[in-house]
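Q: I'm new to this one and would like to learn how to read it. Could you walk me through a few features, one at a time?

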Amino acid sequence: MTTSALTTTVFDAILASLQAAGAYHKDDAVPPAAILWPDEKREWERLVPRLRMVLPHFLVFGPYDQANRTGPAIWLRCVLAGKVPDIPVGRIGNPSEERRIANPSYDPVPILYLPGVSRATLRATEECPNDLKPLAELQYRGVFWSQQNGKDWTVTAFLQTNHGGLQLKITRDNATTDSIRRALEQLVDVRVAELQAKAAAGELNATYFDSLVSDDLVDDLLSWLADPKGSRDRWETNRWEILASRCIADYGFDPARDGELVGAEKLGLQEKAVWKTAWKRYAVAPLRYAGLLELLRKARPTPKPGDLFASQQVEFWPQDNEAEEATLRDALMEIANVGRIGNPSDEERIGNPSYFSVAEARKKLVELDKSHAQRREWVWAKLNRSPLAQAVQHLATLAEVTQTALTGATTADMVEAYVGQAFQPDKAQTVRLESLTYYAGWRADAAVLDALAAVTQPPDREAVTGAIKHVYAPWLRDAAELFQERVKQQPLPSRDTPRLAKVSVGTCVLFADGLRFDVGQKLLAALEAKLGKIQSQHQFVALPSVTPTAKPAVSPVASKIIGSEAGEEFCPCVDSGGKDLTPDRFRKLLENEGYQVLAAADTGNPTGRGWTEFGNLDSTGHQEGCGLAHRIAELIGNLVYRVESLLAAGWREVRIVTDHGWLLLPGGLPKTDLPKYLTATRWRRCAVVKESADVDLPCFPWFWADKVRIACPPGIDLFMAGEEYSHGGLSLQECVVPQLTVLAGAQPAASAKIESVKWVGLRCRVKIAGQFDGCKADLRDKAADPTTSALRDPAVILPPGATLAKAVGSDGNVALVVLDDTREGSATTLVLLDAAGNVIDKNLVTVGGP
């Protein structure tokens, strides 16, 4: 497995394996039409509701049920062909630009689950059942999720198999196999690390897997409510009888007589303490009880007029959360629909009382965040049912940053205001702007990406992108225009200033195209979390900020490159011979200077010097525009993996460099006219101006030849309209980029992890794995706030700065005792802290167990 077994659950491993099955190289292959998942014995069928909830591109072969993305073969073919508008997962080959715009969720390869069908049945085309034949040809255009030997995945095989499975040693007998099948829904929540430890001790047998089928009443009650028929079919008779009798005695509810709808109503109303305990358990792991969401929707009682109690119960019903989302969407749309760059005149304000100036829009976003912040703590947020509540916190950050203009008396002052002091990665998610004593303009760019990444549905995207454009565009435009003025007075460093310091033996230079400064900060945080302290700095790019110009400038062979007189396509020449710098000639220059040029998967010889190119951030931005926001986490993860692989191969240093940043604005960047006849080369954000031409635009010399004059549009404009993503001009976002240096042997900021948790009454016994010297553990309602510790005496107020966290013993064990017995059954967070008090691992737990 490529993901960390310390944090990965079996369910995570299944999702990762499915994703890997559909992987393909975009440069030399078309995407698979579908991932086929045959399951002849229906072993995986109980995971369907959970998979359906987390995978919007998950389809099921069976009786027609469009709401659950289930249907017969011919209907599934229509879905895959993109002919069912309400299910936007269809794809054949590469999507057109029009189709991508209409359907930004297009890229995931659809997964087609085939219960009761074997791979052999599909392959036997002639004998294939008629109702399955329309899917048979997908075996040639799609891929199977199957074992390396071609057999279908069974649950036991996935746990045991060395190639593609979890490689666990399991007792081989029928009793263990049957136990695994019975425990599947509980098993998928178990961390792989726990299973590996059990396997090493020879304990992965029927007894262990049976122990996962808890006889816990609360879990049984919630499981039955989520899937009444399926639960009873799986349970032995005595288990159902015990649940029914205990519910009558403890919950005032007879499951057999009252049914699941009455039970769900009581769960939502929580009129008894036992129902509150059940709700807290549900809130800890709602995906485990996937069917409860729709049952609660049906069970919500109609509030009586004047019922104040009912009005306070909105947290517990999904439709009330959806109503809050709709209210927030309307508020954002109000900002988006009436928003404009600039402030309204008095006449405009009188004619349209709802008109939001930019300042008023920013204030409104902060207010909306405060109003909806609590919903991020509701169970519906964990089920991805509160995307706007998630997005509005980033919109509020955007509003707070952009309320201060990005200015400076000099170019250096503006760069300092933009770069600011980057967050420490362990605190980046917990510190709010109002507590900061410095300004960092890049945080506005990061907030835009985070807000866009939070939403996927068209109405939500429309609301969020409209609000972004209203408050972000004027700030971005004003900063770019001022930066262009400052650069006119104080030009950026010429080629006399090297963009890359001397490269020592044992160093591999990793080029990442289009690593904007804010994305570089996210990469920095991800690297430091795994590899320890990383050296970081910022620098100016070569102008214009396009790859043909700026990539050679940041390479170790920049001194071997010159510019041509024409500057066509912004491409320089090889100094020796004056030929255009093609990719082959660039590679040859590197090799002549003693550099190994490594392919994306190669690690080379770490005793020399290396150059490697990795990642597709820039090409993704050009292809998808604002859709890039959804790819950032994946792109950063890939870069981290590449750095780790180079260090593991023996490189002493990995230096990450980039060529340029970029502008991104939902709805498209504005346009400025520049007649083509005045230019020798014209791109969207830069143009080579003919010697005889007179243009009233910001101009600067080409990095590779001072005599070549480059013009760029004013502010954030383009010479060609219609693009959300572009670069090549003069703005801080395009011209100031990060450079990171990763040294081998650095200690991670934290390598300790929570291995296991066991409750005995109100005592929580925790086992810590890894390097845990100096670490402490605590139970907190808010992970980053020590004053919310569940270990405190309820009668005592914890003073600011104090902590009740307990030190981890030399054997890796620590015991935490909850003093308040009324907390039993409530949800809280087990946190692991490093010596500095930073949270390095956390688990949601229920006080008292399980």
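Q: Where is Arg 42 found?
A: Arg 42 sits in the loop between strand 1 (35–39) and helix 2 (48–54). Helices (H or I, at least four residues) and strands (E, at least two) are DSSP runs, numbered from the N terminus. The phi of Arg 42 is near 60°, a positive value in a residue other than glycine.

Q: Before we go on, what kind of model is this?
A: This is a predicted model, where local features need pLDDT of at least 70 and side-chain atom pairs count only at pLDDT 80 or more, while totals for chains, interfaces and linings use all residues. Residues are numbered from 1 along each chain as its sequence is written, and side-chain values use heavy atoms, with hydrogens and water left out.

Q: Is Arg 42 buried, exposed or partly exposed, and how do I read those words?
A: Buried means under 20% relative accessible area, exposed means over 50%, and partly exposed is in between (1.4 Å probe, protein chains only). Arg 42 has 42% relative accessibility, so it counts as partly exposed.

Q: Which loop holds Gln 167, and what is its phi?
A: Gln 167 is in the loop between helix 8 (155–160) and helix 9 (174–182). The phi of Gln 167 is near 60°, a positive value in a residue other than glycine. At 45% relative accessibility, Gln 167 counts as partly exposed.

Q: What about the peptide bond from Leu 543 to Pro 544?
A: That bond, from Leu 543 to Pro 544, is cis, with omega near 0°. Pro 544 lies in the loop between strand 7 (535–540) and helix 29 (547–553).

Q: How do I describe two packed helices?
A: You give the angle between their axes and the distance between the axes. Here, the axes of helix 13 (residues 217–226) and helix 16 (residues 255–269) come within 10 Å and cross at roughly 95°. Axes are lines fitted to C-alpha atoms, for helices over the stretch in contact, and angles run from 0 to 180 degrees between N-to-C directions. Helix 13 and helix 16 are therefore roughly perpendicular to each other (65 to 115 degrees; under 35 is roughly parallel, over 145 roughly antiparallel, and the rest oblique).

Q: Which residues of helix 13 and helix 16 meet?
A: Leu 222, Trp 224 and Leu 225 from helix 13 meet Pro 255, Gly 259, Glu 260, Gly 263, Ala 264 and Leu 267 from helix 16. Contact means heavy atoms within 4.5 Å.

Q: And how do strands of a sheet pair?
A: They pair through backbone hydrogen bonds, either parallel or antiparallel. In this model, an open sheet of 4 strands has the order 14-15-17-16, with antiparallel pairing (two strands pair if DSSP finds at least two bridges between them). Strand 14 (679–682) and strand 16 (699–702) are at the edges with a single partner strand each, so one side of each has no neighbour in the sheet. The twist averages 35° from one strand to the next.

Q: How many bridges join strand 14 to strand 15?
A: There are 3 bridges joining strand 14 to strand 15 (residues 687–689), and the two run antiparallel. Thr 681 stands opposite Val 688 in strand 15.

Q: Is Leu 589 buried or exposed?
A: Leu 589 is buried, with a relative accessible area of 12%. Leu 589 belongs to helix 30 (residues 583–592). Leaving aside residues up to four places away in sequence, Leu 589 touches Val 557, Lys 560, Ile 561, Val 574 and Leu 581.
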